Amino acid sequence: QVQLVESGGGLVQAGGSLRLSCVASGSDFSIYTMAWYRQAPGKQRELVAGITTGGITNYADSVKGRFTISRDNAKNTVYLQMNSLKPEDTAVYYCYADVRSGSRYLSLWGQGTLVTVSS
């Protein structure tokens, strides 16, 4: 069974930075696209940033220039460096991955990590 586990959330003042990490663990699996989503209270979950196996990235307009997604394929880990944080970035951040496990293709989610940005 493959799992995604996030870490790195917390409370930060506006203008500050945080780095989120998400590691995939299990046996006999391959990871393809990885991404970060977020869900603020009362709002739908939205894509923040995605990255392919080859390192091609895409970002939501609201975070372009402030957030950077990266991955370490050897460590099965994806990161989200968040700079110049704003109160509107407050949300639960979820890691997402397209995974092949054995003969199955799965869309996996992490449990979420809370990011709170105070003004």
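User: Which residues form one aromatic cluster?

Analyst: In this predicted model, the aromatic cluster is formed by Tyr37, Tyr96 and Trp109. The structure as a whole holds four aromatic pairs.

User: Why is the pair of tyrosine 37 and tryptophan 109 called edge-to-face?

Analyst: The ring centres of tyrosine 37 and tryptophan 109 lie 4.9 Å apart, and the limit for a pair is 6.5 Å, so the two rings qualify as a pair. Their planes stand at 65°, and an angle over 60 degrees counts as edge-to-face, which is therefore the label this pair receives. The pair also links distant parts of the chain, since tyrosine 37 belongs to strand β4 (residues 29–39) and tryptophan 109 to strand β10 (residues 104–109), 72 residues apart.

User: What makes tryptophan 109 count as partly exposed?

Analyst: Its relative accessibility is 37%; buried would require a value under 20% and exposed a value over 50%, so tryptophan 109 falls in between and is called partly exposed.

User: How do you know which strands are the edge strands of the open sheet?

Analyst: The open sheet has four strands in the order β1-β3-β8-β7, with antiparallel pairing. Its edge strands are β1 (3–7) and β7 (67–72), as each of these pairs on one side only. Neighbouring strands of this sheet are turned by 15° against each other on average, with direction ignored.

User: What makes β7 and β8 a strand pair?

Analyst: β7 and strand β8 (residues 77–82) share six bridges in the antiparallel sense, and at least two are needed, so the two strands count as paired. Serine 70 stands opposite tyrosine 79 of β8.

User: How many bridges join β4 and β5, and how many residues lie between the two strands?

Analyst: Strand β5 (residues 46–51) pairs with β4 over five bridges, in the antiparallel sense, and glutamate 46 in β5 is the bridge partner of arginine 38. The two strands form a hairpin with six residues between them, and glycine 42 in the turn has a positive phi of about 75°.

Note on methods:
Residues numbered from 1 in each chain as written. Predicted model: local features only at pLDDT ≥ 70, side-chain atom pairs only at ≥ 80, totals over all residues. Heavy atoms only, no water. Phe/Tyr/Trp six-rings, centres within 6.5 Å; stacked < 30°, edge-to-face > 60°. Buried < 20%, exposed > 50% of the residue type's maximum accessible area, 1.4 Å probe, protein only. Axes fitted to C-alpha atoms, helices over the stretch in contact; angles between N-to-C directions.
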